[in-house]
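Biologist: I would like to learn how to read a few features of a protein model. Could you take me through them?

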Amino acid sequence: MELSHPKLVRVLFDEAHSEAWTIRPEVARAIQPAHPEDSSLVRAAAALERCEFEASVNASAPLDEATLASADVLVIAHPSEPKWEATVGEGSPRFGSGELDAIEAFVRAGGGLLVLAESEQDKYGNNVDDLLARFGIAVANATVQDYEHHHARTPSWVLAWLQGGDDPEGGVDLLAGVEAACFYRAGTLRSDNGARAIARTHDSSTEPGAALALVSEQGEGRVAVLSDSDLFGDDCIGELDHERLWLNLVHWTAAPAFAQPAEVADSGTARDPAWARLRAAVAELRLAQEPDGSIRSGGDRTGIGELTEEIATAAGDLVPRFPHQAAYIEALQSDLRAWAAAGFGKPDFIGSVRAFRPELERRDGVEHLVVFPMYKQNASREVCFEALIVRVPWPEWVAALERRYDNAKYLPVTLVDYTDGYDSECAVLFPETFATAGPPEAYFFGAIFCDREAERLRRVAGSAARILRLNLPPDAAAMLSSEQLSRDAYILWDLIHDRTHMRGDLPFDPFMIRQRSPYWMYALEELRCDLTAFAEAAKLEQEGFAFARHAQSAIVLDRLFRFPLTGSRVRNYDGLGGQLLFAYLHREGYLHWTDNRMRIEWPRLVEGVAGLRERVQDLYHSGIDRSKVSQWIAAHDLVSSYVPAAERSVWAAARRDLPEVEEPKQLVDLVRDDEFPLSLFYSQLQPKLESSLVRPSRANAS
């Protein structure tokens with residue numbers, strides 16, 4: 001199955017200034033007929049194209065404001081006079097003064113610049129140093145030799161001393177996944193403005209401790225300079241960890257572009273006067289409702305009747321906006337009028353529920369009107385009316401994934417507009433939340449507000465990464481800054497998570513709707529689904545869908561930081577799942593908390609998550625042979641082997657004291673509200689994250 005995620009960042013390779021490198025295969029063959037790979041960055045461009053980048057060439061235009069307007073990142077790869085190198089085109093290797101000004105302005109306004117220099121810099125006839133001087137960086141005229149730290153028995157192929165990849169402020173590690181890199185016939189770099197060296201020569205070299213790669217933030221933009229251009233060429237990018245270093249650098253220089261707000265098509269529905277009337281009438285009606293959704297006695301029944309009719313009429317006026325919902329809107333009008341005719345008792349909108357089938361219209365950009373009496377959020381049984389407009393993101397890559405994973409009820413949505421009840425942390429819309437006299441015949445869909453989930457991830461995990469100085473890979477940092485990447489990561493995550501509840505070894509009702517169980521059983525079920533989603537995302541990445549790595553990062557970061565600290569400590573099953581993931585990764589050596597800094601071993605993370613998933617799957621697989629209570633005990637033992645139970649727990653293995661009961665569910669009353677208390681780490685992190693754990697209200701956000 002061919003999957004392709006939209007390209008979000010434009011990388012422009014300059015080939016108009018007699019560069020020694022090209023991303024065009026036919027040009028590389030013309031430059032070096034005997035060995036095109038020696039002039040080719042085709043593989044480097046292809047690596048970008050597999051990710052979120054669109055690679056293009058500037059073949060002849062000057063690097064002025066107009067040319068740079070089509071780029072987010074500019075790559076300049078070793079301009080040279082033809083007498084020294086085989087080069088592209090006939091352009092001068094020197095940038096004009098206007099070009100130097102334009103490139104500097106481009107960077108300071110938020111653009112990225114990646115320069116690949118070369119040894120013996122002074123001979124090539126370019127003015128790369130004039131460009132880099134704008135940013136306080138210079139290339140020295142040297143060729144490093146190292147007879148102790150070199151590659152392939154060649155002293156001029158210098159193995160770098162890699163250090164300094166971590167942002168001093170925390171949150172990004174430019175060397176994540178990079179253990180070794182070779183600089184082939186490298187020069188050295190200098191900086192007079194504090195640029196950060198992420199690669200240096202060893203003390204055994206002819207230029208001890210000299211910088212080989214520098215990075216610097218300049219205004220709103222970023223600059224990365226390397227003293228060798230060969231390591232990303234086709235001959236060498238597959239060596240050591242060069243491709244990972246290349247992708248890290250481009251993601252890092254592109255960070256301002258990733259952080260731009262996502263482009264959202266405006267259908268105009270939220271500005272429709274009919275929606276304004278409907279929304280206002282629902283907002284007023286809500287104020288008159290009793291906890292069961294009825295209208296309080298002694299109220300203005302005439303006024304309520306007028307409001308109800310206003311909602312029905314406005315909904316009818318919106319049919320041209322929602323032609324696919326004509327049947328639902330007709331049922332809504334009927335339910336509203338029947339409710340009024342019956343005296344505004346406890347509402348039962350079963351007709352609307354039956355007619356509301358958004359999962360049948362999963363088209364990219366399609367909008368749905370949602371008007372129902374709903375149970376209030378956070379497990380409340382109180383009822384009030386809500387009105388929403390939601391939009392479905394359903395691009396082809398999502399449709400293709402759904403065909404693979406067969407989740408006909410799954411519906412990702414974004415909020416276009418809503419009444420006050422949804423000015424909250426709520427991120428789901430399920431039929432179970434609609435107030436009816438009895439359950440509907442079937443639950444047809446499950447809608448996830450992927451935009452709200454993603455915002456929450458960016459807010460909480462982003463803050464945690466800064467506080468903990470986490471060694472985030474640049475692509476994970478890009479996801480945490482990008483509305484679209486984080487939203488789409490959640491779509492992939494939820495698509496697989498949701499279906500997993502019904503698949504695999506299931507010794508009990510997967511949703512446990514009809515069972516009363518200790519809350520750690522719910523914790524393990526939700527965690528099992530997330531670990532499965534992680535494993536499937538890793539598989540998709542291995543198959544070539546590079547975007548799937550963002551879902552892996554989202555799952556781990558949200559589970560580690562938001563889940564344990566969100567909500568009360570009263571049988572918080574989502575929180576416990578996050579606590580278990582953290583404790584397992586820490587205990588087994590995939591996550592480290594030392595020197596007041598957190599480090600995740602990102603290259604080994606798939607292995608670590610797989611280890612915990614295997615333990616949970618073993619519990620499920622063997623559970624079918626156990627009694628219910630024995631399964632609860634085995635599950636408690638699994639959790640408590642990593643997350644210690646409360647001191648007074650009667651379930652803990654060392655002091656287990658469970659009475660004989662007629663029904664196992666009676667033992668649930670013996671579970672402590674906080675059976676698995678927060679660790680010292682989380683207890684200290686919580687107050688530092690407190691402000692990030694609360695979503696800004698719509699009023700405050702505006």
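Modeller: We go through a sheet, a helix pair, a hairpin and a pocket.

Modeller: This is a predicted model, in which local features need pLDDT of at least 70 and side-chain atom pairs count only at pLDDT 80 or more, while totals for chains, interfaces and linings use all residues. Residues are numbered from 1 along each chain as its sequence is written, and side-chain values use heavy atoms, with hydrogens and water left out.

Biologist: What is the strand order in the open sheet of five strands?

Modeller: Helices (H or I, at least four residues) and strands (E, at least two) are DSSP runs, numbered from the N terminus. Two strands pair if DSSP finds at least two bridges between them. Here the order is 14-15-16-18-17, with mixed pairing. Strand 14 (367-375) and strand 17 (428-429) are at the edges with a single partner strand each, so one side of each has no neighbour in the sheet. Strand 16 and strand 18 (residues 446-449) run parallel, joined by four bridges. Val 413 is opposite Phe 449 of strand 18.

Biologist: How are two packed helices described?

Modeller: By the angle between their axes and the distance between the axes. Axes are lines fitted to C-alpha atoms, for helices over the stretch in contact, and angles run from 0 to 180 degrees between N-to-C directions. The axes of helix 13 and helix 14 (residues 474-481) come within 8 Å and cross at roughly 130°. That makes helix 13 oblique to helix 14; angles under 35 degrees count as roughly parallel, over 145 as roughly antiparallel, 65 to 115 as roughly perpendicular and the rest as oblique. In their contact (heavy atoms within 4.5 Å), helix 13 supplies Leu 457, Arg 458, Ala 461 and Gly 462, and helix 14 supplies Met 479, Leu 480 and Ser 481.

Biologist: How many residues lie between strand 19 and strand 20 in their hairpin?

Modeller: Two, and Asp 595 in the turn has a positive phi of about 55°. Strand 19 (residues 591-594) and strand 20 (residues 597-600) run antiparallel, with four bridges.

Biologist: Which residues lie nearest the centre of the second largest pocket?

Modeller: On a 1 Å grid over the protein atoms alone, a pocket is an open set of points where a 1.4 Å probe fits, with protein on both sides within 12 Å along at least five of seven lines; lining residues have an atom within 4 Å of a point. This pocket is lined by 44 residues, and Ala 262, Glu 263, Val 264, Glu 483 and Arg 487 lie nearest its centre. Helix 13 gives the largest share of the lining, five residues.
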